[in-house]
Amino acid sequence: MSSAPTTPATDPAKAALIALHRGLERLGPGSDAVSRDILKALPRLPSPPRLADLGCGSGAASLMLAAHFQAPVLAVDLSAEFLGDLAHRAAARGLGALIRPVLADMGALDWPEASLDLLWSEGAAYNLGFAGALGAWRRLLAPLGVAVVSELSWHVPNPPEEAAAYWRAAYPDVSDEAGNRARAEAAGYRLLGLRRLPRQAWWDSYYDPLLARIAKLRPGGSPELAEAIAETETEIDIFRRFGDSYGYTFYILGAD
Ligand SMILES: C[S@@+](CC[C@H](N)C(=O)[O-])C[C@H]1O[C@@H](n2cnc3c(N)ncnc32)[C@H](O)[C@@H]1O
């Protein structure tokens, strides 16, 4: 989660991270079923809605949004490699005309105010900090617009110290759902709903494919790749032992 590359592979460490993730369906934990449930329960949006997927990676959510709404999706990422993968996947699914890849910093989008009806972001807001991401994105939402943003969140009041220490170092911003709700309200949103990603989805969508990739790439890998693998294995080990105490929560946020 914390190790996804953010720029084209100009240095060996970033190249290693890209090698580890490229070609995976998802670059972080997610679930098409959960996303579809969220979509079904959203307030009514204009037709067609103006859509964006921020920190889209190789575009699992972009593709789902395009297929669901049959409307164009602005798919923003800092990685040209992942956007290239998305373009290929979109073409293969007959969605090429609806996916608009945008190579840009999602924290500094110069799009007009109120230009989105649905802003989606999975497993990516942490790159700006949850509060920073929500603050930067608020102006983009139309008055009746909705933001669906997933964020790593504590799911128990007193998480085990080893998990807390790991995340303090990896992502000091982690909060519980009440804390993230307060951050969202402070940034000018209204909480419409919360949805937790089931624990099993972490394995099915992300960690199992990543472990298979690691097994394939490990032999003869570069030192940078070995380091990226070691970091990833530590993250997975923490989740295996303490994944009941934290997880991804989708925050469904209204602009009104
Ligand atoms: C953990 S991945 C999640 C990708 C995708 N949403 C998914 O769930 O498969 C995080 C993504 O955010 C992108 N990213 C990080 N910082 C970014 C920024 N400032 N602007 C745009 N994209 C960024 C990374 O390149 C990466 O593709």
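**View 1. The residue that follows helix 1 is G23, with a positive phi of about 90°.** This is a predicted model, in which local features need pLDDT of at least 70, side-chain atom pairs count only at pLDDT 80 or more, and totals for chains, interfaces and linings use all residues. Residues are numbered from 1 along each chain as its sequence is written. Helices (H or I, at least four residues) and strands (E, at least two) are DSSP runs, numbered from the N terminus.

**View 2. Here is the buried side of helix 1 (residues 12-21), with A16, L17, L20 and H21.** These four share one side of helix 1 because they cover an arc of only 125° around the axis, taken from the directions from the helix axis to the C-beta atoms. Buried means that 20 or more other C-beta atoms, placed from the backbone, lie within 10 Å of the residue's own. Their cover includes helix 8 (199-217) and helix 9 (223-242).

**View 3. Stepping back, the chain shows nine helices and eight strands.** Its C-alpha atoms fill a box of roughly 50 × 45 × 30 Å along the principal axes. Of the 256 residues, 41% count as buried.

Definitions and conventions
Buried ≥ 20, exposed ≤ 12 C-beta atoms within 10 Å, placed from the backbone. Contact = placed C-beta atoms within 7 Å.
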